[in-house]
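Let's walk through a structure together, one feature at a time. Keep the view open and bring your questions.

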Amino acid sequence: MQSLYLKVIGPVIPQWLQLVVQLALRRLIHQRSSFFLVLHLVLEVAVYGEYSWEVFPSSLELGFRRSILLLPYILVLGKMYFFYQCCTKDPGMISPSNHKQLLKVYMYDGILYQQSHVCPTCKLAKPARSKHCRVCNRCIHRFDHHCVWVNNCIGALNIRYFLLYLVTLSGMAAAVGTVTVRFLIQVALVSNLHQAMYVNTDGEHVPVGILYIVQKLFLTFPRILFMLGFTLLTFFLLAGYTAFHFYLVMTNQTSNEWYKLKNSCQCHIDNSRPDKRIWGNIYHRGIITNVKEIISPETEQKKIR
Ligand SMILES: [Zn+2]
Ligand SMILES: [Zn+2]
């Protein structure tokens, strides 16, 4: 991310400012920080504030069903619960007390995970599929990634909450976006915007196009249009990211493994990184078993026994 920043923005920004931005980025991304967590909540309050202030009461007046209008609030309650679990639940920290047990959970594939590897910080042999999170400074069982938006690692014990968090968050964006689009269409129909005409250079009466309608709506409801634009953009980004995570679940891969394999395509034989062509995913045991593993992580099953 930093190299991209240096290439794209670097040449047009003074050096002192680059240094300040780099330090800020390092602090925000490479150290635990509540910045993105708070930013996420502020954006949510802004979207829901606008929805509650203008879209909800106006849609009610236009005769929209109350159950449809309340759906975003139901989703936000579910999302808050999953968000709280993601932020506070232990993602699967490896400690001397559970280390021996976690070593037995997954086999070493000999490519991505080697039996002989010891974490230099935690001084413990790394269980297969674990990784040391440099942000949190701890080894995590079935490490997926460190999420700045929840300020926590995503690992074996909280990935199910993370997936439900993504689903409810995407649902919220979809629900708010759908109601708002319906509201704007209804306003355009009620005010006969779609039948409006303008006189062209030849003196003929011509129906206005969609761009005129959007422009008119934007001038009448600027805050709603801004909120809708942001919500739709968020929805498409989230929906793609959520779909990617469901693909990982079905194939029993972690983001960390996917990323390592993706980068391994260009590596040479003598490179220490794994070769994708010879990697067979030994953790993939069929879609149903893979999903079960997310719902009921291996560590918990062993604890019960
Ligand atoms: Zn470690
Ligand atoms: Zn972490």
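Q: What should I know before I start reading?

A: This is a predicted model, in which local features need pLDDT of at least 70 and side-chain atom pairs count only at pLDDT 80 or more, while totals for chains, interfaces and linings use all residues. Residues are numbered from 1 along each chain as its sequence is written, chains are lettered from A and ligands numbered from 1 in the order in which they are written, and side-chain values use heavy atoms, with hydrogens and water left out.

Q: Are Cys-119 and Cys-122 buried or partly exposed?

A: Buried means under 20% relative accessible area, exposed means over 50%, and partly exposed is in between (1.4 Å probe, protein chains only). Cys-119 has a relative accessible area of 1%, so Cys-119 is buried. Cys-122, at 23%, counts as partly exposed.

Q: Which residues coordinate the zinc ion (ligand 2)?

A: Cys-133 (SG), Cys-136 (SG), His-146 (ND1) and Cys-153 (SG) coordinate the zinc ion (ligand 2) at 2.1 to 2.3 Å. The spacing of these donors in sequence is C-x2-C-x9-H-x6-C. Cys-136 sits in the loop between β1 (131-133) and β2 (138-140) and Cys-153 in strand β4 (residues 152-154), so the pair ties together parts that are 17 residues apart in sequence. Helices (H or I, at least four residues) and strands (E, at least two) are DSSP runs, numbered from the N terminus. The angles between the four donor atoms are 97 to 129°, which makes this arrangement tetrahedral. Cys-136 counts as buried at 14% relative accessibility, and Cys-153 counts as buried at 0%.

Q: Which residues have a positive phi although they are not glycine?

A: Most residues other than glycine have a negative phi. Among those to look at here is Asn-151, with a positive phi of about 55°. Asn-151 lies in the loop between β3 (145-147) and β4 and counts as buried at 13% relative accessibility. Asn-252 also has a positive phi of about 55°. Asn-252 is found in the loop between α8 (222-251) and α9 (255-264), and at 0% relative accessibility counts as buried.

Q: What is the volume of the largest pocket, and which residues are closest to its centre?

A: Rolling a probe the size of a water molecule over the atoms shows where empty space is left. On a 1 Å grid over the protein atoms alone, a cavity is a set of points where a 1.4 Å probe fits but cannot get out, whereas a pocket is an open set with protein on both sides within 12 Å along at least five of seven lines; lining residues have an atom within 4 Å of a point. Grid points are joined across faces, edges and corners, and a volume is the space filled by probe spheres set on the points. The largest pocket has a volume of about 1,700 Å³. It is lined by 42 residues, of which His-145, His-146, Val-148, Trp-149 and Tyr-241 are the closest to its centre. α8 gives the most to this lining of the largest pocket, with eight residues.

Q: What lines the second largest pocket?

A: This second largest pocket holds about 210 Å³ of space, and its lining includes Val-181, Leu-184 and His-194. α6 (159-190) gives the most to the lining of the second largest pocket, with five residues.

Key
Donors are N, O and S atoms within 2.8 Å of the metal (3.2 Å for Na, K and Ca); water is not among the atoms, so sites may look incomplete. Four donors count as tetrahedral if all angles lie between 85 and 135 degrees; four count as square planar and six as octahedral if opposite donors are over 155 degrees apart and all others between 65 and 115; anything else is irregular.
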